[in-house]
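Visitor: I have a protein chain to look at. Can you walk me through it?

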Amino acid sequence: MNTIMRKSVLSVAGLAFAGGIFAGPVAAHAAGPVDTKPAAATAVITQAPKPQGEQSHITLNDEQTANVKAIIAATKKAGLPERAAVISIATSLQESKLENLGHLGDANDHDSLGLFQQRPSSGWGTPEQITDPEYSTTAFLKGLKQVDGWQDMPLTDAAQTVQVSAYPDAYAQWEQQATDLVAQHWNS
């Protein structure tokens, strides 16, 4: 064997040995058989995080279902993934039970309106804008996009960062229903 060939073989053998030392303990503890397919042929499947805590559920009427579809349409229009729609729908379930609320008089929380209980006095838009499902969803999504790492954080944390609610953990209870609604209506 010539010198260049021998050095190449020894280099490859050395890399294999070093790789075995560093990867060995990790591979030794891995469960199941080793996948020998090339990396390009292996699909990466991501799953939504498991909902946190006890889950709530309501039966939707036609108006609420139309609002789900409007939230999904606005999410798609914004070019955001299904996870953004799940967070938006869960937030709306908590804030308004997916009802496009107008001014509620004494029962109103300050001047909160619409699907997300957004406040004109806080700069979310005019009352007319906030009660437009597409506008209010787009405004919520704009806030969501400004949250670093929103895609990977618990739903309730992402929603709370945008909404700044007095009940920061309340959004989590709607995650399963929101996930189910997005799965049902995303491709319809």
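Visitor: What share of the accessible surface of the chain belongs to carbon and sulfur atoms?
Guide: Keep in mind that this is a predicted model. The accessible surface of the chain comes to about 11,600 Å². The share that belongs to carbon and sulfur atoms is 57%.

Visitor: How many helices does the chain have?
Guide: Follow the elements from the N terminus: they run α-α-α-α-α-α-α. There are zero strands. The count of helices is seven.

Visitor: Which element supplies the largest share of the largest nonpolar core?
Guide: This core has 35 residues. Ile87, Ile89, Leu144 and Trp150 touch the most other members. At least two residues each come from α2, α3, α5, α6 and α7. The largest share, seven residues, is supplied by α3.

Visitor: Is α2 roughly parallel or roughly perpendicular to α7?
Guide: The axes of α2 and α7 lie 10 Å apart, at an angle of about 75°. Angles from 65 to 115 degrees count as roughly perpendicular. So α2 is, relative to α7, roughly perpendicular.

Visitor: Which residues of α7 make the contact with α2?
Guide: By class, this contact has four nonpolar, two polar and one charged residues. From α2 come Thr65, Val68, Lys69 and Ile72. From α7 come Leu181, Val182 and His185.

How values were computed. Residues numbered from 1 in each chain as written. Predicted model: local features only at pLDDT ≥ 70, side-chain atom pairs only at ≥ 80, totals over all residues. Heavy atoms only, no water. Axes fitted to C-alpha atoms, helices over the stretch in contact; angles between N-to-C directions. Helix = DSSP H or I, 4+ residues; strand = E, 2+ residues; numbered from the N terminus. Parallel < 35°, antiparallel > 145°, perpendicular 65-115°, else oblique. Contact = heavy atoms within 4.5 Å. Nonpolar A, V, L, I, M, F, W, Y, C, P; charged D, E, K, R; others polar. Areas by Shrake-Rupley, 256 points an atom, 1.4 Å probe, with all protein chains shown as cover. Core = buried A, V, L, I, M, F, W, Y, C linked by side-chain atoms within 4.5 Å. Buried < 20%, exposed > 50% of the residue type's maximum accessible area, 1.4 Å probe, protein only.
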